[in-house]
Amino acid sequence: MVSRLEVRKTYKLYIGGNFPRSESGRSYPALDHRGEIAARVAAGTRKDLRMAVRAARSAQSGWAARSGYNRGQILYRVAEMVEDRAAAFNAAIRLFGVGSAGARREVAGSIDRLVWYAGWADKFAQVLGNLNPVSGPFFNISVPEPTGVVGIIAAESSPLLGLVSRLAPVIVSGNTAVVLASEQWPTPAIALAEALATADVPGGVVNILTGPKDGMVPYLSSHLDVNAVDAYGAEPGQMEEIEQAAAGGAKRVVRPPRTKLDWDKAQSPYMIAAFTEIKTVWHPKGL
Amino acid sequence: MCPSEPVKHPEIVPTGLDYVTSVESTEVVSIQENYDLWIDGAPTKPSTNRYFQTVNPATEEALSRVAEGGRKDVQKAVEAARKAYNGAWGKMQKSERAKYLYRIARMLAERSREFAVLETLDGGKPIKESRDFDLPMSSAHFFYYAGWADKLEYAFPGLGTDSIGVVGQIIPWNFPMLMVAWKVAPALAAGNTVVLKPAETTPLSALAFARLTAEAGLPPGTVNIITGDGRTGAELVEHPDVDKVAFTGSTEVGKQIQHRLAGSGKRLTLELGGKAPHIIFDDAPLDQAIEGIVNGIFFNQGHVCCAGSRLLVQESVFDALMDRLKLRLRSLRVGDPLDKNTDVGAINSPAQLDKITRLVEIGQAEGATMYQPPCELPERGYWFTPTLFTGVSQSHRIASEEIFGPVLSIMTFRTPAEAVEKANNTPYGLSAGVWTTKGSRILWMADRLAAGVVWANTYNKFDPGSPFGGYRESGFGREGGRHGLLPYLEGGW
């Protein structure tokens with residue numbers, strides 16, 4: 001029998017709906033749990049990050065202008081795509097030493113989380129907004145709107161569920177995202193990008209960068225066209241640097257919880273709320 | 001005072017009628033010679049042994065001397081707040097907390113005139129405004145949040161009702177008493193305790209409020225007032241036992257505070273500056289729009305973070321609008337804030353007057369055309385004539401920087417898309433105004449304006465039940481309404 005040579009995947013960045021290599025032409029080895037090279041992954045740079053922010057900015061108003069119903073359908077479609085590739089995600093996670101049951105739970109949890117947030121797309125405004133009874137002849141309503149472009153510093157230790165749990169509440173309301181993937185375990189994030197790209201998520205809504213976080217975290221946090229930084233998955237020791245960088249633009253920073261992170265439980269409409277701005281509109285009533 | 005001179009305008013028939021001055025009595029107010037800090041329910045001498053003057057900006061007369069709080073005083077105040085948090089206030093039944101807040105609301109209403117006069121004396125705002133706006137709104141704010149104190153579990157289902165702890169609050173000089181209410185009422189309703197620093201030019205109403213809380217029987221330490229300047233504020237921000245900081249003021253200082261708090265784990269909300277677009281379409285009801293424009297920029301001498309300071313007028317109505325606006329400016333009465341007929345009072349401080357003057361000079365130097373109505377200003381005190389600039393381009397500093405004074409920069413646009421583009425061309429995003437009779441256009445505009453508050457066919461309307469706060473560099477967090485509770489609840493955003 002003739003042996004067949006396996007076709008390996010090149011792990012690239014995900015920017016503006018495309019899969020470019022890093023402009024630096026560099027990659028870095030992601031090691032599996034045995035210390036062997038699992039993949040050579042693109043080493044994103046500040047310039048790549050700048051391109052990603054630009055892509056996120058240009059996609060934002062269009063994404064926010066879609067109906068909640070439509071965004072919900074697209075998020076649900078992402079869940080379908082991940083389910084369809086569950087075996088590949090399982091394998092990608094197992095490479096990093098997660099047992100088979102653990103990997104299955106992480107993938108199933110990620111799919112269910114996407115479905116859960118998909119359902120919020122056309123409901124969160126009803127729960128987070130309201131009519132305000134004011135003293136005077138005015139119609140007065142408060143509604144949540146997406147904050148804009150959100151930088152997500154993904155958790156190192158939960159390469160898929162940790163990422164999905166933060167990405168879904170950010171984009172469901174109409175934000176676009178620039179994600180710094182787990183540096184140690186980057187391949188599930190790129191596999192997710194491939195699922196997103198086939199799930200009708202418009203290019204630029206989600207942008208995923210792999211590479212050394214050290215150079216990129218402060219740059220992402222200080223970039224003036226990034227409106228909020230999700231540091232929920234960041235290490236506590238990184239917070240001062242992130243918050244210093246964010247202060248220059250009076251930027252919103254979402255911190256890691258004070259209690260130990262439990263990704264299995266990390267879903268809440270208030271996680272959507274954290275990346276929205278309340279807009280209040282007044283209009284007189286009269287003849 | 002701007003004399004109501006005979007106006008040479010074809011549509012106006014001079015009536016010969018004018019208001020006589022009608023000055024509010026100051027007898028209702030008694031101001032102490034000195035004020036100590038207010039810590040743990042009692043006046044407390046400052047460790048610095050220093051006192052600073054607070055001045056009536058309309059007369060330049062000293063009103064009182066106020067304690068300058070230092071590090072040790074902040075320490076004491078935070079300790080008192082912590083004690084009250086762990087004790088009397090923190091452990092109190094929520095329905096009892098509600099009753100204290102109701103009581104404070106009622107007492108403020110009862111003493112409304114006294115507080116209004118005090119506010120006008122210390123800050124320079126017209127009595128018409130402190131009497132009809134600042135004080136009623138302050139009382140109403142306490143009344144509104146009182147009702148939430150024992151209903152928190154219904155405000156944000158699933159979030160929980162835990163308070164945060166000791167809250168450090170720093171407020172500005174433009175609405176001194178109202179800002180006390182905006183800060184203290186939701187903080188206490190959620191179960192926190194407070195150390196508050198009023199602005200150094202307007203400390204008196206906060207100190208009077210402190211005494212009112214004692215009279216209300218509020219447990220000592222629940223509300224502590226530390227007076228002083230930015231250095232005192234910095235001590236409060238940096239105190240390790242403060243769990244949350246709430247700041248209202250300039251974007252510049254807000255960013256400094258955000259820097260100071262980086263990595264501390266303290267919660268922060270910021271209500272910062274603005275450069276609000278005020279957009280007039282050609283189908284707007286012009287007479288009403290003129291009143292909105294005037295209210296938008298001359299309310300409280302323009303010392304308003306949400307002031308409609310960038311007027312965007314559709315080209316086709318520019319000439320007609322400018323005629324009416326200039327005419328309207330001539331009837332604005334600038335002068336004694338205690339006069340019940342005064343529309344525009346004194347500029348709050350010499351520093352603020354310098355800033356306004358400097359930016360207006362820059363506006364002229366950059367080539368914009370200035371209009372000021374004939375206006376005779378009092379000799380003593382700090383004053384600025386209501387000012388319009390036309391021929392302003394987007395790159396002019398008067399079109400991009402917050403002036404925080406009675407100065408309006410006027411630009412034009414042709415299409416709704418251009419109006420949105422120009423309106424959003426600012427790092428700020430606090431408020432916006434739109435005037436048009438077309439309903440669908442109002443909603444189209446409201447969707448696109450990057451602003452926390454959009455006033456359509458009205459301007460500068462406020463209510464305790466209505467959330468207020470900014471997008472982008474105008475800050476984060478909301479004050480007022482259900483959303484105003486969130487900054488004071490654990491797990492809120």
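Trainee: Which elements of chain A do the buried residues of helix 7 pack against?

Mentor: Keep in mind that this is a predicted model. Helix 7 of chain A spans residues 187-197 and is mostly covered, with 10 of its 11 residues buried. Among those buried residues are A:Ile190, A:Leu192 and A:Glu194. Their packing partners in chain A are strand 2 (37-42), helix 2 (68-84), helix 3 (86-94), helix 6 (161-171) and strand 7 (206-209).

Trainee: Thanks! Moving to chain B, why does its radius of gyration agree with that of a compact globule?

Mentor: Let's start with the overall extent: the C-alpha atoms of chain B fill a box of roughly 70 × 50 × 35 Å along the principal axes. A compact globule of 493 residues would have a radius of gyration near 23 Å, so the value for chain B agrees with it, at 22 Å.

Trainee: What percentage of the residues of chain B count as buried?

Mentor: Chain B is built with 16 helices and 18 strands. Among its contacts with a separation of 6 or more, 75% link residues 24 or more positions apart. A residue counts as buried when its relative accessible area is under 20%. Of the 493 residues of chain B, the buried share is 63%.

Trainee: Which residues lie nearest the centre of the largest cavity?

Mentor: Searching the whole structure turns up eight cavities of 30 Å³ or more. The largest has a volume of about 110 Å³. Its lining takes at least two residues from each of helix 7 (176-189), strand 9 (244-248) and strand 10 (267-271) of chain B. There are 18 lining residues, and nearest the centre lie B:Lys183, B:Thr269, B:Glu271, B:Arg478 and B:Glu479.

Trainee: How many charged residues does the lining of the largest cavity have?

Mentor: Here we sort the lining by residue class. Nine of the residues are nonpolar and five are polar, while the charged ones number four.

Trainee: And the second largest cavity: which domains of chain B each give its lining at least three residues?

Mentor: This cavity holds about 90 Å³ of space. Its lining has 14 residues, with B:Phe175, B:Met179, B:Trp182, B:Cys305 and B:Phe462 closest to the centre. Helix 7 of chain B gives the largest share, three residues. By domain, at least three residues come from each of domain 1 (34-271 + 471-488) and domain 2 (277-456).

Notes
Residues numbered from 1 in each chain as written. Chains lettered and ligands numbered in written order. Predicted model: local features only at pLDDT ≥ 70, side-chain atom pairs only at ≥ 80, totals over all residues. Heavy atoms only, no water. 1 Å grid on protein atoms, 1.4 Å probe; cavity = no way out; pocket = protein on both sides within 12 Å on 5 of 7 lines; lining within 4 Å. Points joined across faces, edges and corners; volume = space filled by probe spheres on them. Helix = DSSP H or I, 4+ residues; strand = E, 2+ residues; numbered from the N terminus. Nonpolar A, V, L, I, M, F, W, Y, C, P; charged D, E, K, R; others polar. Domains from an automatic or database assignment. Rg over C-alpha atoms; globule rule 2.2 N^0.38 Å. Buried < 20%, exposed > 50% of the residue type's maximum accessible area, 1.4 Å probe, protein only. Contact = heavy atoms within 4.5 Å.
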